[in-house]
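Visitor: Please put the structure up. I have some questions about it.

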Amino acid sequence: MSPSGNTQQRTVRDVVFVDGVRTPFGKAGEKGIYAGTRADDLVVKCIRELMRRNPSLPAERVDEVAIAATTQTGDQGLTIGRTAALLAGLPRTVPGFAIDRMCAGAMTAVTTTASGIGFGAYDVVIAGGVEHMGNHPMGAGADPNPRFMSERLVDPAALNMGNTAENLHDRFPAITKERTDAYAAASQAKLAKAYAHKQIQPDLVPVAAKKPGAGWALHSVDEPPRPGTTVADLAELRTPFRPHGRVTAGNAAGLNDGATAALLASSEAAEDLGLNVKMRLVAYAFAGVEPEVMGIGPVPATEKALKNAGLSIQDIGLFEINEAFAVQVLSFLDHYGIADDDPRVNRYGGAIAVGHPLASSGVRLMNQLARQFEEDPSVRYGITTMCIGLGMGAAVIWENPHHPDYTAATGTTETSSTNSKGAAA
Amino acid sequence: MSAADFRKLADLFPDETVTHSYVQDIVLPAVDGKESAGTFALITLDNDLDHSKPTTLGPKTLVELGTVLEGLKERAARGEIVGVGVTGKPYFLVAGADLSAVKTLREREHGLWMAQLGHDVYGTLASLGVPSFAFINGLALGGGLEIALQSSYRTVSTGAGALALPEAVLGLVPGWGGVYLLPRLIGPENAVKVMIENPLSNNRTLSGPQAFELGIADALFEPADFLEQSIAWAARVIAGETVPERRNAVDPSDPAVAERWAAAIEGGRAFVEAKTSNASPAPAKVLDIMEANRTLGQAESAALECETLAGLMQTDEFRSTVYAFLDLVQKRSKRPAGAPDRKLARPVTKAGVVGAGLMAGQLALLFARQLKVPVVMTDIDQERVDKGVAYVHAEVDKLLGKKRISPDAANRTKALVTGSVSKEAFADADFVIEAVFEELNVKKQVFAELEAIVSTECILATNTSSLSVTAMAEGLRHPERLVGFHFFNPVAVMPLLEIVRAPQTDEAVLATAFELAKGLKKTAVLVKDAAAFVVNRILLRLMGEVIAAFDEGTPAEVADDALRPMGLPMSPFTLAAMVGLPVAQHVQESLHAAFGERFPVSHNLQKLIDNGVKTLWVERPDGSRVIPEETLSLMSFGNSPSTAEEVLRRTQEALAEEIGLMLQEGVVAGPEDIDLCVILGAGWPMFLGGITPYLDRTGASERVNGRRFLAPGIASAPA
């Protein structure tokens with residue numbers, strides 16, 4: 001597995017995104033499609049679908065299963081990466097672990113295991129995330145250290161994500177409620193269009209769920225979207241975080257249930273095993289910001305990732321940015337001077353329409369970017385990025401293997417060469 | 001007809017726990033990138049209770065399912081749906097007909113309605129105008145499996161618990177189409193196996209993979225995403241992309257199949273005769289219908305099935321079986337009558353077995369395997385101890401060889417069982433059972449020695465089958481800690497444990513004994529300390545009557561076959577030989593000493609024992625049996641032979657008398673415990689209801705005791 005026994009001459013290997021799937025997302029709560037369904041079962045459906053879709057991969061070749069969840073108790077507890085692997089019927093020789101970086105859980109599962117592949121610890125991994133926010137309401141069971149308050153380390157309001165979104169409006173007065181509502185309505189419209197063009201469905205794994213008094217149903221589409229939402233509809237919504245505020249249920253992601261999983265491999269392993277390559281990992285970065293304005297996190301994370309990759313923002317042809325709040329997306333776009341309706345940004349809509357089951361969302365962004373890469377070979381680089389509670393941002397830069405200049409990076413690359421121009425030599 | 005026409009039947013059961021038929025419309029997944037084939041209606045059979053309450057098919061349930069299916073048939077005709085699926089709540093497709101409801105049907109006509117209702121509903125399922133699918137996610141018994149058989153296609157989960165058509169052993173027939181469809185689907189030989197051999201072999205069931213192998217199901221999927229994969233499979237079938245292969249299916253009009261069919265029926269009849277002596281009508285009826293329906297259409301077979309079911313539902317054999325199965329084996333065995341509050345029980349963290357013989361070895365193995373606590377065996381010298389421990393270790397290795405346990409479990413179990421020549425090894429034991437020679441003074445001496453070593457809390461138990469536990473307790477410093485623990489041979493297999501309470505036995509000791517029984521996975525029945533307790537007293541009273549008739553001059557085959565109409569698992573002479581003639585005689589002597597002439601001691605049997613004869617019957621090479629001349633010459637006979645009918649009647653009356661006395665003496669809490677004991681301890685058939693329902697229905701109870709054991713309706717027709 002390891003590239004060589006020689007620790008003096010360690011080499012770094014290229015990491016590719018082979019495939020990714022997700023469950024349809026549901027609305028959290030008793031009326032939601034997954035009320036009564038276990039979170040771990042949602043992950044299991046994803047893992048099994050990945051294995052079915054990639055039949056040339058022998059199950060025993062999976063070296064790790066990393067599954068993220070923000071709340072790691074109950075049906076999301078007990079080291080969910082391992083439990084999900086066992087429940088999915090992977091061989092007992094396949095290890096697994098649980099991971100948490102709140103909203104960027106699945107994204108961190110990907111970057112962490114990808115690093116392991118690069119280092120030579122793994123050839124093939126499964127990385128994903130889950131959040132059943134119906135079973136695990138946000139912040140349930142949390143016990144913030146009183147020092148946060150007594151030493152004014154974090155404004156208590158920063159523990160409520162809606163407040164941080166209002167704070168972001170304060171910092172960037174140019175981002176008005178009219179702009180965020182317009183952005184949100186567009187997100188709904190873009191998702192509806194993507195559904196109509198069957199751009200979403202191929203990466204969904206249908207989930208059978210049973211509710212009392214109703215029997216088994218099969219869920220093969222997302223529950224949260226509200227196609228046809230207009231700016232006028234959005235203007236009427238309450239602003240629950242502040243009287244006469246700007247953040248509403250309509251211009252923010254909802255509370256959702258869902259799971260995702262992706263298959264990553266070293267480029268050699270992908271070739272050996274006959275696995276498809278949908279994206280190549282170029283660089284990633286995480287960054288911290290003030291917890292009170294956590295939504296700005298993607299900006300420094302992206303800066304760092306671009307620097308690591310040796311790229312500039314002009315090199316990025318597609319953006320998949322998580323829409324925790326419209327204001328947070330717009331703060332990113334404003335920073336880079338990108339228009340609110342730039343066609344490179346969230347072509348299939350985003351979390352405002354489709355939902356955001358916290359720790360699962362990172363892989364959804366990757367699934368969508370991978371499909372857009374396939375549709376648009378003219379794009380060479382894309383980015384998946386998201387903001388994270390307690391003031392962080394995450395960014396992962398990917399290369400499109402369908403681009404004419406892409407060279408399948410087989411073999412290994414010297415450590416120092418990865419941040420030359422990002423692309424494979 | 002429509003299902004709603006049967007509301008009159010449903011009205012008879014106001015208390016039915018209804019299993020609802022919930023319908024969800026599903027958009028079928030696209031196949032090979034094409035458009036979805038359309039809308040699929042999925043029915044979930046669900047009683048909205050947790051997995052401890054199986055879903056069943058009572059009249060209201062069937063009317064609801066039928067009405068739902070009729071609605072779907074109309075939707076299919078309108079082109080709104082392209083297929084219908086049926087599945088269940090987790091772990092169950094559906095557990096079959098609601099037997100407790102069926103048992104109370106007073107009139108033949110009501111039974112006929114019940115049978116017709118099932119056919120009406122399943123007939124709709126089979127004629128929806130679109131393909132129907134059963135997704136067998138879990139247990140599917142009887143009418144539950146017949147829902148699947150009546151569907152066009154079936155998938156089954158590798159995790160499905162139990163699939164079976166157990167009707168033959170319940171006193172019914174698979175008469176909602178199973179007996180017609182199954183032989184056509186999986187071949188006549190397999191059908192006889194499923195409908196006759198399995199039910200009559202300890203009610204054996206099929207796993208999901210076995211059902212798939214037989215061809216009962218068309219596709220097999222794992223539990224993790226069984227329903228999703230089943231629906232995807234259904235989509236492929238509806239799209240014409242998948243056509244299931246049915247390797248075992250036959251065409252009954254093919255002459256070669258007709259021959260196989262006849263041979264399978266013949267084999268089935270021989271099996272039924274061997275297993276039940278045809279003492280219960282149901283198994284033969286299954287074969288009768290199957291034989292007849294080879295040349296019948298499905299509707300004609302259905303009419304025959306309904307008439308047969310209506311008749312069988314009114315039989316005492318059926319009602320006794322439901323009593324035995326539901327009231328006793330399923331319910332009473334889990335809540336033993338007279339067991340003290342379990343909170344009084346003390347933990348058992350180490351057990352001791354006095355003796356290292358065969359019985360002791362079986363006990364040590366059972367305790368080590370089930371309780372997983374250290375078990376120490378003692379005997380008078382090292383050689384016996386070593387032999388005893390070696391026996392246990394060898395038995396563990398056998399289990400390992402058969403892959404019944406893992407290597408780690410084998411190591412653990414072997415390490416738990418040790419031996420010693422000193423009873424000091426029991427010093428820290430919480431429970432010590434003796435399995436030494438069956439003589440009162442020997443046992444009393446063992447207990448006296450034990451009391452000098454063990455803690456005051458340690459429970460002492462005896463495995464005696466014939467001695468008085470009360471007498472054994474005399475002289476003990478703590479007589480309240482002694483309890484009888486009577487197992488049946490072979491200990492690992494027989495599910496019954498008679499827990500014997502002596503007058504001084506205290507509640508904590510008794511509570512511990514019951515918890516221990518549960519830990520050992522045995523069904524415990526509380527019995528009073530009376531000679532031979534329950535099972536042996538009844539068996540020996542029965543054997544005594546038959547042997548007495550033989551001694552009086554009744555020909556051996558007449559005497560020994562006289563009880564065949566009862567359908568017992570073996571004849572009295574065979575049973576005596578299996579127990580061992582000396583053991584049987586020894587227990588008979590104890591009973592004679594306790595109860596006198598009701599338990600006559602046979603001088604002929606003694607002659608055989610004295611001459612080392614181990615069995616009366618010897619099997620000839622052709623399978624027939626004979627009593628050899630040299631055996632006959634040892635014995636002398638009277639000149640008052642009886643007919644088989646006389647022997648049967650006399651045995652029935654003897655049993656009625658003995659059980660009547662046992663209940664008077666308070667040996668057990670009620671006739672139900674007697675029945676549970678003979679079912680689990682002697683393997684007596686459920687169609688006898690154990691024994692007291694049989695004695696009631698043959699009139700023996702009334703003749704001897706002037707009254708029935710059980711009120712009408714409990715195991716017989718309602719008054």
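Visitor: In which loop of chain A does Cys103(A) lie?
Guide: This is a predicted model. UniProt, in an unreviewed entry, lists Cys103(A) under "active site", along with His356(A) and Cys387(A). As for its place in the chain, Cys103(A) lies in the loop between strand E5 (96-99) and helix H3 (105-119).

Visitor: Is Cys103(A) buried or exposed?
Guide: The cut-off for buried is 20 or more other C-beta atoms within 10 Å. Cys103(A) has 31 C-beta neighbours inside 10 Å, so Cys103(A) counts as buried.

Visitor: Is His356(A) buried or exposed?
Guide: His356(A) sits in the loop between helix H11 (351-354) and helix H12 (361-375) of chain A. Its C-beta neighbours inside 10 Å number 27, so His356(A) counts as buried.

Visitor: Which element gives the most to the side of chain B that touches chain A?
Guide: 18 residues of chain B contact 18 residues of chain A. On the chain B side, strand E1 (20-27), strand E2 (39-46) and helix H10 (226-238) each supply at least two residues. The element that gives the most, with 5 residues, is E1(B).

Definitions and conventions
Residues are numbered from 1 along each chain as its sequence is written. Chains are lettered from A and ligands numbered from 1 in the order in which they are written. This is a predicted model: local features need pLDDT of at least 70, side-chain atom pairs count only at pLDDT 80 or more; totals for chains, interfaces and linings use all residues. UniProt positions are given in the numbering used here, feature names are shortened, and annotations may be inferred rather than shown by experiment. Helices (H or I, at least four residues) and strands (E, at least two) are DSSP runs, numbered from the N terminus. A residue is buried if 20 or more other C-beta atoms lie within 10 Å of its own, exposed if 12 or fewer, and partly exposed in between; C-beta atoms are placed from the backbone. Two residues are in contact if their C-beta atoms, placed from the backbone, lie within 7 Å.
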